[in-house]
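Please examine the sequence and the structure shown below. The paragraphs that follow lead from the strands of the sheet to the core, the ligand and several individual residues.

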Amino acid sequence: MNDDLDSRLGRRRFLAATAAFAALGANRGATATSTTAAGTPPAGAKTAGITTAGNTATAAGGPPRPLPESATKTICVLGASGAVGNAITRELLTAGHRVIAVSRSADKLGSIRAAYGTTKRIETQEGDVSSDSLAAVLRDAIVTRFGMPDGVVASLGAREVDLPMRMLSTPTETLRKAFEANFFTHVAAARALVPALAPRGVYVGINGGMADLVVPNRGQLSMTQSALRTLYSVLAMEARDSQAKNPDVRVHVLGLYGLIIPYAKYDTHPDDRWISDRQVGERVNQIVTQPQAFPDPAVALKAKAYS
Ligand SMILES: NC(=O)c1ccc[n+]([C@@H]2O[C@H](COP(=O)([O-])OP(=O)(O)OC[C@H]3O[C@@H](n4cnc5c(N)ncnc54)[C@H](OP(=O)(O)O)[C@@H]3O)[C@@H](O)[C@H]2O)c1
């Protein structure tokens, strides 16, 4: 799984993202200030990825952290096989929650389960959120098997649409596919799962700092990420209005401004345009467990260069 994670952060994507975020820094006159992100990694982390020994998880080379036996909250992670969802899953488990990892792939779910050794708090569920009907099937499976979750994290997207796209020479259908993968998956997931949250449940959508950036040849990323932020802001308002069935639930969007890097790589090759995957997971855990500390639905986690 760790090799997979590394390969996902391939050179093409890395170059595209760092160039884009460098432009963001230039546009905003960003300076390197200390990051507000939680979970500054300690020095000395050497190995990437997850290792497990019994119920102890070593997250990407950090010191071993015991996995508590008892679960505090039940949190569903959509996109748990992805670079970001993987880290969120790990941190939520480390924080003591029961995590329902969701993927379309039984093989990927098998790898996720295997990565956490003997802990009983990792659950897996196959599911697809590419349409309302498929998302409803997933919701029913989750509620039937595990009850209404206390939290849902949507870390959804597709690498296939992270390609150079020049707007006037890109067929509309190609742009539509980018929206299908990066935006409408979030819509279908939220439509199915926000109403399925337990009382005082928290829904967290993940998006990227490209929401604030317009980059030639990568317009599809800016458009989908800014649309996601708007989507979640609307959902947050509607969750609290008088028509909401369960007005105690909260919706947040966590915007990640920087390239997400495995913890050990982040520690050994410091780069102020990076965020460690552990910081992301820790921030999600804070939102899910202390939502009152985040009065604004939009929460940002910024690499130093974009602070
Ligand atoms: N990686 C970064 O450096 C970075 C930086 C800033 C922001 N972000 C944001 O973080 C979020 C996740 O990005 P990522 O890099 O982790 O992407 P990723 O590695 O490509 O993972 C995306 C996940 O989405 C899932 N998914 C896609 N379509 C689905 C569907 N129809 N039904 C169910 N699951 C589906 C995939 O699961 P399966 O294929 O297993 O079903 C996969 O686990 C995005 O919003 C992205 O903008 C990422």
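A crossover is called right-handed if, with the strands pointing away from the viewer, the path from the first strand over the helix to the second runs clockwise. Helices (H or I, at least four residues) and strands (E, at least two) are DSSP runs, numbered from the N terminus. In these terms, E5, helix H4 (residues 106-115) and E6 form a right-handed β-α-β unit. The structure is a predicted model, in which local features need pLDDT of at least 70 and side-chain atom pairs count only at pLDDT 80 or more, while totals for chains, interfaces and linings use all residues. Residues are numbered from 1 along each chain as its sequence is written.

The chain contains nine helices and 12 strands. A residue is termed buried if 20 or more other C-beta atoms lie within 10 Å of its own, exposed if 12 or fewer, and partly exposed in between, with C-beta atoms placed from the backbone. Of the 307 residues of the chain, 49% count as buried. Two residues are in contact if their C-beta atoms, placed from the backbone, lie within 7 Å. Among contacts between residues at least 6 apart in sequence, 71% join residues at least 24 apart.

Why is strand E4 largely enclosed by the rest of the structure? Five of the five residues of this strand (residues 74-78) are buried, so the rest of the structure largely encloses it. In a regular strand the side chains alternate between the two faces of the sheet. Both faces of E4 are covered: on one side Thr74, Cys76 and Leu78 are buried, and on the other Ile75 and Val77 are buried as well. The path of the chain from E4 through H3 to E5 is a right-handed β-α-β crossover.

The partners of E4 can now be considered. Two strands pair if DSSP finds at least two bridges between them. E4 and strand E5 (residues 98-103) run parallel and are joined by five bridges; within E5, Ala101 is the bridge partner of Val77. E4 also runs parallel to strand E7 (residues 151-154), to which four bridges join it, and Gly151 in E7 is the bridge partner of Ile75. E5 is in turn joined by five bridges to strand E6 (residues 122-126), and these two strands run parallel. Ala101 stands opposite Thr124 in E6.

The next topic is the nonpolar core. In soluble globular proteins, nonpolar side chains tend to be buried together. A nonpolar core is a set of buried Ala, Val, Leu, Ile, Met, Phe, Trp, Tyr and Cys residues joined through C-beta atoms within 7 Å. The largest such core here has 69 residues, and those with the most contacts inside it are Val77, Leu78, Val153, Ala189 and Tyr203. Leaving aside neighbours within four places in sequence, Tyr203 is in contact with Val152, Ala190, Leu193, Val194, Leu197, Val249 and Val251.

Which residues are closest to the ligand? A residue is near a molecule if its C-beta atom, placed from the backbone, lies within 6 Å of it. The ligand is surrounded by 30 residues, of which the closest are Gly79, Gly82, Ser103, Arg104 and Gly208. At least two residues of this shell come from each of helix H3 (83-94), helix H6 (172-193), strand E8 (202-208) and strand E10 (259-261). By class, the shell has 12 nonpolar, 13 polar and five charged residues.

Several individual residues complete the account. Gln225 is in helix H7 and is buried, with 21 other C-beta atoms within 10 Å. Apart from neighbours within four places in sequence, Gln225 is in contact with Asn207, Gly208, Met210 and Ala211. Phe179, in helix H6, is partly exposed, with 16 C-beta neighbours inside 10 Å. The C-alpha atoms of Phe179 and Thr224 are separated by 6.1 Å, although these residues are 45 residues apart along the chain.

Most residues other than glycine have a negative phi, and most peptide bonds are trans. Arg200, in the loop between H6 and E8, has a positive phi near 65°; Arg200 is exposed, with 12 other C-beta atoms within 10 Å. Asn217 also has a positive phi, near 75°, and lies in the loop between E8 and helix H7 (219-240).

Notes:
Nonpolar A, V, L, I, M, F, W, Y, C, P; charged D, E, K, R; others polar.
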